[in-house]
Amino acid sequence: MLTLSDGILFSFQISAPHNYLWGFCGVSEITDSEYMALAVQAAQKGNGHTWTNPMVGAVIVKQQHVLAVGYHHRFGEAHAEIDALNQLASSADARGATMYVTLEPCSHFGKTPPCAKRLVSVGLRRVVIGQIDPNPLVAGKGIAILRTAGIAVEILATTQGLNPAYNFFYQHQRPQVTLKYAMSLDGKINAAQKHAVISPDQRLTEIASNCGQRIRL
Ligand SMILES: [Zn+2]
């Protein structure tokens with residue numbers, strides 16, 4: 001892909017599917033929020049495959065160039081930060097770079113080693129985080145590891161909407177459940193001792209429609 005708009009922003013994709021190099025011919029600098037939006041976009045590629053982990057995306061930027069974009073592909077596989085580092089020809093390329101990651105890097109051993117320690121080991125200069133992890137196993141501990149190692153950490157608090165069910169679970173100690181059901185106009189889903197009957201009558205559909213509801217018959 002190649003788009004060029006008056007020298008403002010161009011991007012191109014090279015052989016590896018998730019290996020992007022972005023160049024920026026500056027009229028104005030790309031903001032932290034814009035890089036984070038790119039990380040959110042990457043995170044969403046994992047939609048439906050990461051549970052019970054959240055969707056997470058990560059972008060590595062150095063001197064206004066996007067060196068790598070990664071995301072958590074599937075539960076049990078590499079976290080987004082590691083996936084982004086794996087896109088680099090050498091992890092030495094990350095030295096002095098900034099990572100934008102939609103969720104605080106983990107600090108604990110789960111199915112994979114802690115990402116925060118890996119970010120320290122590759123010599124990142126700065127980490128911009130979209131959301132502090134509500135999971136008490138992390139919850140600030142990842143940030144502490146980074147800051148203790150001298151990495152500048154900024155928290156944008158802009159990506160909470162990416163994983164509402166994950167956040168809800170830790171905020172309320174119960175799962176977020178979405179229930180979809182058919183209900184008669186008088187508020188019933190069945191009658192005692194009887195089978196529910198949903199009429200294919202067109203009139204019923206019209207009534208429901210007039211009430212701002214849709215019934216699938
Ligand atoms: Zn991690």
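Biologist: What percentage of the residues of the protein chain count as buried?
Modeller: This is a predicted model, so the answer is computed from predicted positions. A residue is buried if 20 or more other C-beta atoms lie within 10 Å of its own. The protein chain has 217 residues, and the share of them that passes as buried is 29%.

Biologist: In what order do the elements of the protein chain run from the N terminus?
Modeller: The protein chain has six helices and eight strands. Read from the N terminus on, their order is β-β-β-α-β-β-α-β-α-β-α-β-α-α.

Biologist: Which element supplies the largest share of the largest nonpolar core?
Modeller: The largest nonpolar core has 40 residues, and Ala-39, Val-59, Tyr-100 and Val-101 have the most contacts inside it. Elements that each supply at least two residues of this core include S4, S5, S6 and H1. The largest share is seven residues, and the element it comes from is H1.

Biologist: Which elements are included in what covers the buried residues of H1?
Modeller: The buried residues of H1 are Tyr-35, Met-36, Leu-38, Ala-39, Val-40, Ala-42 and Ala-43. What covers these buried residues includes S4, S5, helix H2 (80-87), S6 and S7.

Biologist: How far apart are the end C-alpha atoms of H1?
Modeller: H1 has 12 residues, and at 1.5 Å a residue it should span 16 Å. The expected span is 1.5 Å times one less than the number of residues. The distance in the model agrees with this: the end C-alpha atoms of H1 are apart by 16 Å.

Biologist: With which residues is Tyr-100 in contact, leaving aside its neighbours within four places in sequence?
Modeller: Two residues are in contact if their C-beta atoms lie within 7 Å. With neighbours within four places in sequence left aside, the contacts of Tyr-100 are Tyr-35, Met-36, Ala-39, Ala-58, Val-59, Val-61 and Val-128.

Biologist: Is the peptide bond from Trp-51 to Thr-52 cis or trans?
Modeller: Most peptide bonds are trans. Thr-52 lies in the loop between helix H1 (32-43) and S4. The peptide bond from Trp-51 to Thr-52 has omega near 15°, and it is cis.

Biologist: Does Ala-157 count as buried or exposed?
Modeller: Most residues other than glycine have a negative phi. Phi of Ala-157, however, is positive, near 55°. Ala-157 sits in the loop between strand S8 (152-155) and helix H5 (164-172). Because Ala-157 has 10 C-beta neighbours inside 10 Å, it counts as exposed.

Biologist: How many C-beta neighbours does Ala-139 have inside 10 Å?
Modeller: Ala-139 is in the loop between strand S7 (126-129) and helix H4 (141-148). Its phi is positive, about 25°, although Ala-139 is not a glycine. Ala-139 counts as partly exposed because its number of C-beta neighbours inside 10 Å is 14.

Methods
Residues are numbered from 1 along each chain as its sequence is written. This is a predicted model: local features need pLDDT of at least 70, side-chain atom pairs count only at pLDDT 80 or more; totals for chains, interfaces and linings use all residues. Helices (H or I, at least four residues) and strands (E, at least two) are DSSP runs, numbered from the N terminus. A residue is buried if 20 or more other C-beta atoms lie within 10 Å of its own, exposed if 12 or fewer, and partly exposed in between; C-beta atoms are placed from the backbone. A nonpolar core is a set of buried Ala, Val, Leu, Ile, Met, Phe, Trp, Tyr and Cys residues joined through C-beta atoms within 7 Å.
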